[in-house]
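I set out here what I looked up in one structure, entry by entry.

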Amino acid sequence: MSAATDPTAPPSRELLLLEVRAVWELSAFFATYPLLRLASRGDGHAVFVIPGLAASDTSTRPLRRFLADQGWAPHGWELGANHGPRPGVEAKMQERLASLFRASGRKVSVIGWSLGGIFARELARRAPEQVRAVITLGSPFAGAPKASNAWRLYEFASRQRVEDYPGRDHLKTPPPVPSTAIFSRSDGIVAWQGCLEQEGPTTENIEVEGSHCGLGHNPVALYAIADRLAQPEGRWQRFDRGGLRSFVYPDPHRDPAAPWMAGAGATRPMNSTFDARRA
């Protein structure tokens, strides 16, 4: 089994080197911004955005700017660089979520990039009455501890062994709110298989083409984020990748060895369950 298909191994060196695509994806974000403005519009509800490992609110600024322009009320986490689950960090996030909920009087959507997505899911698990929906971007909540090229950085930043992440056995259990996992099979940082949600009535996976470090400003990912946030509260439905969208959003259920475009337009029964172990 190659590193490309082994869910317990980190992405290959070649994919890691391809993470430089994030710079191009940022350029694409600015170049396609007029077209991105045609994406779904918001209803003004608050969106709590959590950055990835070793990143700060600066990394999510393009995403938050886009959400604000589309009509949502985005907020950064305001805790500096994300150094992992250090003492007090999760409590401060919980307080910030509660503050946004009280200030708006409405449930808050939570978006988490990479490690930030693991935090986002746990926030929803602890306070589902305050969370409208969760969206994760390349978050390895279901992966093996070292199925990542960043596990050493995690241990350095958090001062904890990656195997000792709090509550690891429960991370892959979906939170009790609508949840969308956006991932890329060409992710050079974490094994994509570990970023997949257990699909059910209120969970789904959306695949995009791109790097891990560019997911927060990848135009295709942002279009999908806007579509998900625009779902009416209490009336969540799965992302529709039919029609022309099938040429932009690959089928997340296809065989790993199958070419993407060969499956363009293909569908799968909505009541089927995706088993990441078979991918």
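This is a predicted model: local features need pLDDT of at least 70, side-chain atom pairs count only at pLDDT 80 or more; totals for chains, interfaces and linings use all residues.

Entry 1, contacts of D43. I looked up D43 and found it in contact (heavy atoms within 4.5 Å) with G71, W72, R106 and R132, leaving aside neighbours within four places in sequence. D43 is found in the loop between α3 and β1; helices (H or I, at least four residues) and strands (E, at least two) are DSSP runs numbered from the N terminus. D43 and W72 lie 29 residues apart in sequence, yet 6.2 Å apart in space, C-alpha to C-alpha. I noted a relative accessible area of 38% for D43, so D43 is partly exposed; buried means under 20%, exposed over 50%, and partly exposed in between, with a 1.4 Å probe and protein chains only.

Residues are numbered from 1 along each chain as its sequence is written, and side-chain values use heavy atoms, with hydrogens and water left out.

Which residues have the most contacts inside the largest nonpolar core? I found F48, I50, L97 and V110, in a core of 36 residues. Such a core is a set of buried Ala, Val, Leu, Ile, Met, Phe, Trp, Tyr and Cys residues joined through side-chain atoms within 4.5 Å. The elements that each supply at least two of its residues include β1 (46–50), α5 (89–104) and β3 (108–113). The largest share, six residues, comes from α6. I then took V110: not counting residues up to four places away in sequence, V110 touches F48, I50, L97, A120, L123, V131, A133, V134 and I135. A second, separate core has 26 residues, among them W113, I135, I182 and A226.

My search of the whole structure gave six aromatic pairs. Rings of Phe, Tyr and Trp (its six-membered ring) pair if their centres lie within 6.5 Å; planes under 30 degrees apart count as stacked, over 60 as edge-to-face and the rest as tilted. Y33 and F66 are edge-to-face, at 6.3 Å centre to centre and 80 degrees between the planes. Y33 lies in helix α3 (residues 33–36) and F66 in helix α4 (residues 61–70), so this pair ties together parts 33 residues apart in sequence. Both Y33 and F66 are buried. F183 is buried at 0% relative accessibility, and W192 is buried at 5%. I also noted that F29, F30, Y33 and F66 form one aromatic cluster.

I checked for NZ of Lys or CZ of Arg within 6 Å of a ring centre and within 35 degrees of the ring normal. R185 lies over the face of W192, at 4.4 Å from the ring centre. The charged end of R121 sits over the ring of F141, 3.7 Å from its centre.
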